Amino acid sequence: MNTEPDLSLTSRRKLLTRAAAFIGTGALIQRAAAEEMDMKSMSAGHDMSKMHASGSVKMTANTKAAVSTGKTEPLHPEGITYRPVITPNGKTLPWKMVDGVKVYHLIAEPVTHEFAPGLVAECWGYNGRVHGPTIEAVEGDKVRIYVTNKLEAPTTVHWHGVLLPSGMDGVGGVSQKAIQPDETFKYEFTLKQHGTLMYHSHHDEMTQMQLGMMGLFIIHPKNPEINPPDRDYAFMLSEWKIEVGARRPDPNEMTDMNVFTFNGRCFPATEAMVAKTGEKIRIRIGNLSTMSHHAIHMHGYYFKVVATDGGQIPEAGQWPETTVHMPTGSTRTIELVADAPGDWVVHCHMLHHVMTQMGHQFGNIIGIDTAGINKKIRKLIPGYMAMGETGMGDMGDMGMPVPANSLPMVGGQGKYDYITMGGMFTMLKVRDSLPADGTDPGWYECPPGSQAGIAPDTDLKRDGITL
Ligand SMILES: [Cu+2]
């Protein structure tokens, strides 16, 4: 159904180089080169996940989609096939087989992270990323995960929802000593379940998780699925407090979060999901926000919640929804058939979570004529302009300069107008046909007669609408 991606070393190098150039840091180029060296000794399956990752490091506008091949790939030594998860804006952690054990290496370290063009902050993450790369494995796998601590503080890693021996649970002080700076710990266990799970720091939890130390842990079923999805997407929800102009997220904030992210990005930097009309789509969502639950709402479809981090929900226990409630410390897996072409938005319905840093603390002047106020205040502050008399919708595109290292109050440019949502916002773009390389198809063209617009006088008259 999709074109086989070019897996040659040259093409991978091209992608890696391009990705590195976009971010523009020497460190990333070094990392990319090191990872490419690593890849030579790894399986074809791993190369696949690399392809996804390379394609998605680029940070551009809101029309960038998560790269998908839509193929089932053999990624398991016993020949078990599964469709790799796509982590929009993210990547999958490389692994290699050593004597029948799947070996991974997580590096906890400081990361300079771009939430969206205009907002860069000094965070903590794993392997150069916020959030950490997605760990992907198969039920029954024996996994060995090395964790190297390159932070200045002790840390641990907890495998959230994974069934394992108590001593591998990764809770500082309870199940192990904390991993000191420059130490490398070894976690080793056999995966007894499948599902959408997570990993995160479990030492100085508030500080370390609120600085970004988390990732997804996806375990595919050992027995092939009867009705597998055509595309399988994964998101981590998180929240941050970053004062306007500050470079360091404030991990001590309890309630007044002001940056809300899908996979560590705010719209318009979130990559869209794509699907072909009629495909079955799975979306895995994890929430490790410090204090908030989220209400993730999808337009154009209903879906069913088919699993939590506790396991599968039997079909008889599933019901249709358009919004899934995401308690913090949990995952939900939703599925739908993408039978309606279009650009369908997916966003948090807690509406402060689609605003950015400056959207939360304005005085309410809706309905007030500010002309007189402007005149008076301009005598004291030249150029002063009262804002918000018609709400916040204009504030993204009114051309006002934004303070250094902060995001415009809302959104980004859409096809027809300015989109007045930012933060936890992305899209599912469904088309009868997609670009062969699985990239973003651009904006949807509504078929004639199927789009809202100014009501013609003839229609108003016919229907007795008087203005
Ligand atoms: Cu929310």
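These are my notebook entries on what I looked up in this predicted model.

**Ground rules**

I number residues from 1 along each chain, as its sequence is written. Since this is a predicted model, local features need a pLDDT of at least 70 and side-chain atom pairs count only at pLDDT 80 or more, while totals for chains, interfaces and linings use all residues.

**Confidence**

I began with pLDDT, the predictor's confidence in each residue, from 0 to 100. The protein chain averages 82, and 74% of the residues score at least 70. Residues 1-63 stay under 50. I still found 82 contacts beyond four places in sequence for that stretch in the model (a contact means two C-beta atoms, placed from the backbone, within 7 Å). Residues 68-75 are also below 50, with 26 contacts beyond near neighbours in sequence.

**Whole chain**

I noted 6 helices and 25 strands. Both are DSSP runs numbered from the N terminus: helices are H or I with at least four residues, strands are E with at least two. Of the 467 residues, 42% are buried. Buried means 20 or more other C-beta atoms within 10 Å of the residue's own, exposed means 12 or fewer, and partly exposed is in between, with C-beta atoms placed from the backbone. I also looked at contacts between residues at least 6 apart in sequence: 74% of them join residues at least 24 apart.

**The 4-strand sheet**

This one is open, in the order β6-β11-β10-β8, with mixed pairing. Two strands pair if DSSP finds at least two bridges between them. Which strands stand at the edges? They are β6 (135-138) and β8 (158-160), and each has a single partner strand, so one side of each is left without a neighbour in the sheet. I found 3 bridges joining β8 to β10 (residues 195-200), and the two run antiparallel. Trp-159 has Tyr-199 in β10 as its bridge partner.

**The 5-strand sheet**

This is another open sheet with mixed pairing, ordered β14-β25-β22-β16-β20. Its edge strands, β14 (273-276) and β20 (323-326), each pair on one side only. Inside it, 3 bridges join β16 (residues 294-298) to β22 (residues 342-348), running antiparallel. Ile-296 is partnered there with Cys-348 in β22.

**Strand β13**

I followed the side chains of β13 (residues 259-262). Val-259 and Thr-261 point one way, Phe-260 and Phe-262 the other, and all are buried. β13 runs antiparallel to β12 (residues 231-240), with 4 bridges between them, and Trp-240 stands opposite Val-259.

**Loop between β5 and β6**

Asn-127 lies in this loop, with phi near 50°, a positive value in a residue other than glycine. Is Asn-127 buried or exposed? I put it down as buried, because 20 other C-beta atoms lie within 10 Å. His-131 is in this loop too, and the peptide bond to it from Val-130 is cis, with omega near -5°.

**Loop between β8 and β9**

Gln-180 sits in this loop and counts as exposed, because it has 12 C-beta neighbours inside 10 Å. Its C-alpha atom is 4.4 Å from that of Pro-154, 26 residues apart along the chain. Asp-182 is in the loop as well, with a positive phi near 75°. Asp-182 is exposed, with 10 other C-beta atoms within 10 Å.
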